[in-house]
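Trainee: I have a model open and would like to go through it with you. Could we take it piece by piece?

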Amino acid sequence: MGNSFACFSPTVKRISKKSSDQLPPWISNSDNQKSRKLASSSKKGEIIDDSYIKEQALVASMLYHHHLQSGDLLNLDRSISVKYPPPSSNKQKKLQKRSYSVSDSGSKALQFIHQDVGTEESESKHFVLVHGGGFGAWCWYKIIALLKESKHEVEAIDLTGSGINSCDINCITTLAEYAKPLTDFLAKLEDGKKVILVGHDFGGACVSYAMELYPAKISKAIFVAAAMLTSGQSVLDVFTQKSCLNDLNQRAWKFSYANGKNHPPTAIDLDKSLLEEFLFNRTSSKDIALASVSMRQVPFAPWAEKLSLSTANYGSIPRFYIKTEEDFAIPVPLQEAMIKSNQPKQVFQLKGSDHSPFFSKPQALHRLLIEVSKITFM
């Protein structure tokens, strides 16, 4: 697939070959059961202050497009991430007057691997949100707003070729390239400061990769319906386990071959007609519309790259897993298989959540993130 190289040109290379296929025979499994389709339902736990959340997302988007047009994006401090510092005290007083429901009790501890677990008093934490395949920093807009209102600092990273990062997905050949915005952010983090990494979907592999490189800068890692791999595994190895796949998985995935059919795939895309059924079966129509115009392809090479993880680095950081119970993209059996083979400190579940809890269960997810942030180990 060629030598690895950085690809951050503001001009997106267009691929002349127009080829995308269904899941290849080496992954397909005709014996899988048909997946049932859940109808989208309205959410009782919608964020009440919807205008505030939209305002935050709009401001972030406008700032990025301004710097893109003026050509000085690369000169921005941490330009590859969206930075949301805690609000000022005056602003916070106003935010405290806002009320929103977090009554959804979708968080339930399923498993304690260690008994030496306690909780600490609430204090400001620094969360770094890492999106899944096809998504971007934009998908966290509800969680960003909730964390800000809880007086926490939060960063949402656009991985290479995702969100507003203009790199052509087809030219990304290594996981290091794909995760570079995350590792660059950690490299610049001041000494002595630690962050809580939160990874979704394919972002779990990027979080694991970063944990191996910068263990001293990460206090906890939270995997939200995410790839939680063991050393020597790739996302491809895990996500294509035939015993856990269903017919919907196979119909939803499409592969692109920018280098021709005689070469490995260069990117993975999703059938847009199946987005709601596959990723957003519990998500509101407004957020589905946002995703349908914002999602991009996923680079294939990082998806197939095997991770090398050590006990000294990756293994030194407490891990937590959040299961999504109505998930068709990474079904519960697959989530449980990853948990069993690579046991985290604690497992939680989000009842009624599809694959995208930042849309379908934002308050419940927010509460779990805060709960995990307070856990201490004696």
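Mentor: Gladly, and keep in mind that this is a predicted model. Let's begin with helix 6, where Gly203, Gly204, Ala205, Cys206, Val207, Ser208, Tyr209, Ala210, Met211 and Glu212 are buried.

Trainee: How many residues of helix 6 are buried?

Mentor: Helix 6 spans residues 203-213. The helix is mostly covered, and the buried count out of its 11 residues is 10.

Trainee: Next, strand 12. Which residues point one way from strand 12, and which the other way?

Mentor: In a regular strand, side chains alternate between the two faces of the sheet. Strand 12 is mostly covered, with six of its six residues buried. Phe320, Ile322 and Thr324 point one way, and the other way point Arg319, Tyr321 and Lys323.

Trainee: Is lysine 323 buried or exposed, and why?

Mentor: Lysine 323 is found in strand 12, residues 319-324. The cut-off for buried is under 20% relative accessible area. Lysine 323 has a relative accessible area of 8%, so this residue is buried.

Trainee: Which side chain makes a polar contact with the side chain of lysine 323?

Mentor: Look for a polar contact of 2.9 Å from the lysine 323 side chain. The partner is the side chain of glutamate 336.

Trainee: What joins strand 12 to strand 13, and what is the bridge partner of threonine 324 there?

Mentor: Strand 12 and strand 13 (residues 346-350) run parallel and are joined by five bridges. In strand 13, threonine 324 has as its bridge partner leucine 350. The chain gets from strand 12 to strand 13 through helix 12 (residues 332-341), in a β-α-β crossover that is right-handed.

Trainee: Which residue of strand 12 stands opposite valine 224?

Mentor: Strand 8 (residues 218-226) pairs with strand 12 in the parallel sense, over four bridges. Opposite valine 224 stands isoleucine 322.

Trainee: On to the aromatic rings. How do the rings of phenylalanine 135 and phenylalanine 280 pair, and why?

Mentor: A pair of aromatic rings is described by the distance of the centres and the angle of the planes. Both phenylalanine 135 and phenylalanine 280 are buried. Their ring centres are 6.1 Å apart and their planes stand at 85 degrees, so the pair is edge-to-face.

Trainee: What kind of aromatic pair do tyrosine 141 and phenylalanine 359 form?

Mentor: This pair links distant parts of the chain, with tyrosine 141 in helix 3 and phenylalanine 359 in helix 13 (residues 357-360), 218 residues apart. Tyrosine 141 is buried at 12% relative accessibility, and phenylalanine 359 is buried at 2%. With 6.4 Å centre to centre and 55 degrees between the planes, the pair is tilted.

Trainee: Which residues do ring pairs link into a cluster?

Mentor: Tyrosine 141 and phenylalanine 359 belong to this cluster, and so do phenylalanine 135 and phenylalanine 280.

Trainee: Which residues touch the most other members of the largest nonpolar core?

Mentor: In soluble globular proteins, nonpolar side chains tend to be buried together. Here the largest nonpolar core has 96 residues. Those touching the most other members are Trp140, Leu182, Phe239 and Trp303.

Conventions. Residues numbered from 1 in each chain as written. Predicted model: local features only at pLDDT ≥ 70, side-chain atom pairs only at ≥ 80, totals over all residues. Heavy atoms only, no water. Core = buried A, V, L, I, M, F, W, Y, C linked by side-chain atoms within 4.5 Å. Buried < 20%, exposed > 50% of the residue type's maximum accessible area, 1.4 Å probe, protein only. Helix = DSSP H or I, 4+ residues; strand = E, 2+ residues; numbered from the N terminus. Polar contact = N/O pair within 3.5 Å; in protein donor to acceptor, adjacent residues only side chain to side chain. Pairing = 2+ DSSP bridges. Right-handed = clockwise from strand over helix to strand, strands pointing away. Phe/Tyr/Trp six-rings, centres within 6.5 Å; stacked < 30°, edge-to-face > 60°.
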